[in-house]
Amino acid sequence: MARPGLYANIHAKRKRGGKMRKKGAKGAPTAANFARAKQTVRKGMKKGGFPDLSGDGKTTMKDILIGRGVIKKGDTIGVMAWDTIRYLEFFFTIPMMGAILHTINIRLSEQQILYTINHADDDILIVHHDFIQVIDKIRKKISRPIKIILLNSKKYNLSDNNTYLYEDLIKNKESKFKFEDFDENTTATKFYTTGTTGDPKGVSYSHRQLVIHTLGFIAGSSVSNYSHRLHNEDVYMPLTPMFHVHGWGFPYMATLLGVKQVYPGRYEPKRLLDLIKQEKITFSHCVPTILQMLLNENQKLNYDLSKLK
């Protein structure tokens, strides 16, 4: 029997008039609504509550891309971007529209990026301006017609009918999109391995798998009272890129727990350390190379990192 997709499946039962009512997909189908509205998600120095992430009363990606025919159910959308609140939005809204999120590994070579775009059958690319030159070099070799959505660049030639500016698409539009239920085994995300022999190897996750991973991760990492657990009083900042296995699943987990989240953009040692100090970051995760980079930079700054888990 088909059951609802990932995010409709996560909804809590809420008390209304003393009775428990299941919140269905037609309400506000996003795990962000689990979270306390007073918690914030940061992009640079801009703040927003979880209702902003879910798009309550506001236009977001889901409204415009489908409404204007830029995207349709079943499309695969590749994202080349740094860790930002926009990327967190894509983690939720792309699968929730019935499309597939392909988190493109920006550390791959140009030829390997081209291979993953072709192998994933990407229909649309959402691209940060730092990676426009890469796309320009490989665009003619992409095996199918493809649309480009630029996250934050007005310097690019927009005369191409298949090129859009993200902020222009969502500007001054009303929110009308209604999420639908679909089979929980529908593919939600794709990504590709690195460091393997031959070409990168593709991996996909269904909505069901993401839900089970998130809930299992919370059960194993947040319930027990041990020193490195993640809980909703933490302040979270990822230092594992969001293109790398969904940031190890922590952004889904942090959102479901209602944790304040800080997304640093490009990983620059001093900026990361400044954010840790200014935002009082208490929880992160990274590979040893990133940790060593921070420790080396902190020899000059001498910030107190004793509360960082």
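Two strands count as paired if DSSP finds at least two bridges between them, and strands (E, at least two residues) and helices (H or I, at least four) are DSSP runs numbered from the N terminus. This is a predicted model, where local features need pLDDT of at least 70, side-chain atom pairs count only at pLDDT 80 or more, and totals for chains, interfaces and linings use all residues. Residues are numbered from 1 along each chain as its sequence is written, and side-chain values use heavy atoms, leaving out hydrogens and water.

**View 1. Strands 5 and 6, side by side.** These two strands, residues 76-80 and 100-103, run parallel and are joined by four bridges. Look for Ile77, which sits opposite Leu101 of strand 6.

View 2. Seven strands make an open sheet with mixed pairing, in the order 9-8-7-5-6-10-11. Strand 9 (163-165) and strand 11 (202-206) are the edges; each has a single partner strand, so one side of each lacks a neighbour in the sheet. From one strand to the next, the twist averages 20 degrees.

**View 3. Helix 8 on the sheet.** Helix 8 (residues 207-221) packs here, touching strand 10 (187-192) and strand 11; contact means heavy atoms within 4.5 Å. Its direction makes about 80 degrees with that of strand 11, with axes fitted to C-alpha atoms (for helices, over the stretch in contact) and angles running from 0 to 180 degrees between N-to-C directions.

**View 4. Helix 10 meets helix 11.** The axes of helix 10 (residues 269-278) and helix 11 (residues 288-301) come within 9 Å and cross at roughly 75 degrees. Helix 10 contributes Pro269, Lys270, Leu272 and Leu273 to the contact, while helix 11 brings Met293, Leu294, Glu297, Asn298 and Leu301.
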